[in-house]
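Student: I would like to learn how to read the contact between two chains. Please show me the structure first.

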2 protein chains.
Amino acid sequence: MQTHSFGDYHFSPTAVYPSVQAAAAESSGTWDYVFVATKALPDINDDSDTIAPLISRDTVIVLIQNGVGVEAPYRARFPGTPIVSAVTVISAEQKSPGVIKQNRWTRISIGPYTDGWGTADDVLARKGNAAVRALAQWWGDSGGIKDVDVHDELDLQMVRWHKLCINSAMNPSAVLCGGRGNADMASDPELRRHLRGVMEEIRAAVPAILGREFPEHLAKPEAILKSTDRNTGARPSMLLDWEAGRPMELEVIMGNPVRIAREKGVELPRLQTLYALLRSLQEMRKHDKSKL
Amino acid sequence: MQTHSFGDYHFSPTAVYPSVQAAAAESSGTWDYVFVATKALPDINDDSDTIAPLISRDTVIVLIQNGVGVEAPYRARFPGTPIVSAVTVISAEQKSPGVIKQNRWTRISIGPYTDGWGTADDVLARKGNAAVRALAQWWGDSGGIKDVDVHDELDLQMVRWHKLCINSAMNPSAVLCGGRGNADMASDPELRRHLRGVMEEIRAAVPAILGREFPEHLAKPEAILKSTDRNTGARPSMLLDWEAGRPMELEVIMGNPVRIAREKGVELPRLQTLYALLRSLQEMRKHDKSKL
């Protein structure tokens with residue numbers, strides 16, 4: 001690990017298992033924390049099912065994943081299990097096999113998750129809050145890691161929707177516009193207007209979806225675009241996935257937000273258009289029919 | 001010509017010229033009517049410049065082209081020349097070189113064009129109306145051609161915007177979704193919602209743009225989609241152009257409507273998104289950079 005924030009070091013895990021089943025069979029007792037840091041692909045794979053053998057009633061599930069609505073399958077499968085929802089920002093790359101380089105600052109935002117609106121039962125809320133406090137203590141005060149941001153349930157969802165503004169604007173557009181990086185897209189006046197439009201329609205919808213005003217301190221679309229201008233060379237993960245022939249995080253970045261907004265009576269027209277087009281494009285490639 | 005509406009016949013033009021310059025040099029006197037039936041590609045070629053050698057003050061220019069805003073370059077170049085604006089619908093194909101087959105009904109809608117709002121000077125309006133009446137007489141009553149629809153200036157623009165609903169929904173989407181025909185797209189629930197959304201946002205904007213309510217007799221989005229369901233196998237012209245590596249009618253189908261609406265204070269978010277993406281995709285292919 002060659003890191004900007006934590007120095008250089010070699011990471012040795014205590015144990016590695018070939019599968020969740022193997023971990024469940026070999027371990028004695030219950031698991032206190034299960035961290036899920038995979039790509040969120042609910043249309044392909046249900047990770048809540050995958051981790052089920054490890055989960056007891058008091059295991060804390062920590063979801064470090066992009067998008068919105070990622071917690072719902074876990075809550076449905078484990079109605080009484082505490083969940084910590086987490087959003088992380090990190091600029092890192094695998095330089096060669098086993099060598100991870102971190103370039104700039106990191107941040108992890110964490111908050112409890114009961115039902116996404118903070119209105120579920122008290123026991124679950126208490127367990128979730130305790131888990132968030134414990135993580136903040138271990139990572140932050142005890143572990144010396146800065147930039148651990150603690151939020152209440154709704155504010156953590158705000159952070160998810162704010163990061164979504166960026167991801168759902170940049171990611172699908174990069175594929176559909178013919179394979180351009182973030183700064184390259186932002187330099188094209190029509191694409192810039194489109195990117196700002198996607199961010200603005202999500203930003204405008206958030207109060208109706210979450211019932212709370214979007215906080216002023218979170219970067220506004222124009223500020224995000226200015227930061228994008230400087231970040232030349234950055235290519236969104238969805239474009240890298242598309243170019244490598246891997247599945248894309250369509251559902252948590254586009255499908256879930258469109259559906260969640262619609263349930264609250266809000267349309268996200270640009271995002272629904274991106275979703276319909278990219279979903280079809282992926283299907284067409286799957287069947288080797290795309291002419292693009 | 002193998003036609004459903006006009007029987008089978010061989011068409012022999014009175015004269016064919018290799019260029020507009022040749023036609024202008026060989027002909028004596030002035031031209032009464034100049035019909036422009038090319039693809040409208042104002043970003044690539046200015047047809048108003050091309051036909052300039054044939055145009056006198058009393059020549060009637062008849063524009064049989066798709067999209068909106070196609071008349072503007074002609075009006076700018078020939079401020080005192082009458083213009084007839086025309087929209088045609090025809091299902092036809094070239095079966096082999098020189099053999100054109102028409103399958104179903106045709107329609108041509110014509111109307112005068114002064115400035116698009118019917119507010120230009122009276123002389124121009126009178127000349128335009130006279131040309132429209134003459135064409136309707138020659139084609140219709142004298143020529144036995146049914147389905148010649150005569151409109152006033154604003155209503156002809158209504159017809160243009162109505163056809164645009166279909167073209168601007170189907171055409172760019174067919175390319176961006178991975179190369180699917182109209183009925184195939186309409187069978188995909190998310191794409192169907194997107195297509196209806198494009199048509200609805202244009203339909204909702206038209207009264208603000210043209211200052212007149214959209215007529216009830218023009219097919220509504222759901223009716224258009226139902227008709228699309230039956231028309232299996234149809235592939236929009238923009239998709240055929242894209243697959244053949246030809247330039248697409250981006251500006252008159254997407255760019256002009258977005259700009260005209262914006263001048264009237266109306267946003268067309270889905271259409272602007274389609275425009276930005278497809279315009280970029282075309283640029284990327286031009287420079288051979290597209291990874292799609």
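Student: How many residues of chain A are in contact with residues of chain B?

Tutor: Contact means heavy atoms within 4.5 Å. Here 32 residues of chain A touch 32 residues of chain B. This is a predicted model, where local features need pLDDT of at least 70 and side-chain atom pairs count only at pLDDT 80 or more, while totals for chains, interfaces and linings use all residues. Residues are numbered from 1 along each chain as its sequence is written, chains are lettered from A and ligands numbered from 1 in the order in which they are written, and side-chain values use heavy atoms, with hydrogens and water left out.

Student: What area is buried between chain A and chain B?

Tutor: The size of an interface is often given as the accessible area lost when the parts come together. For chain A and chain B this area is about 3,000 Å² (1.4 Å probe, summed over both). Carbon and sulfur atoms give 56% of it.

Student: How many salt bridges does the rule find across the interface?

Tutor: A salt bridge is a side-chain nitrogen of Lys or Arg within 4 Å of a carboxyl oxygen of Asp or Glu. The rule finds 2 between chain A and chain B. B:R270 forms a salt bridge with A:E267, with the closest N and O atoms 3.7 Å apart.

Student: Is B:Q272 buried or exposed?

Tutor: Buried means under 20% relative accessible area, exposed over 50%, and partly exposed in between (1.4 Å probe, protein chains only). B:Q272 has 0% relative accessibility, so B:Q272 counts as buried. Beyond its neighbours within four places in sequence, B:Q272 contacts A:E190, A:R193, A:H194, A:R270, B:V258 and B:R262.

Notes. Buried area is the accessible area (1.4 Å probe) that two parts lose on being put together, summed over both.
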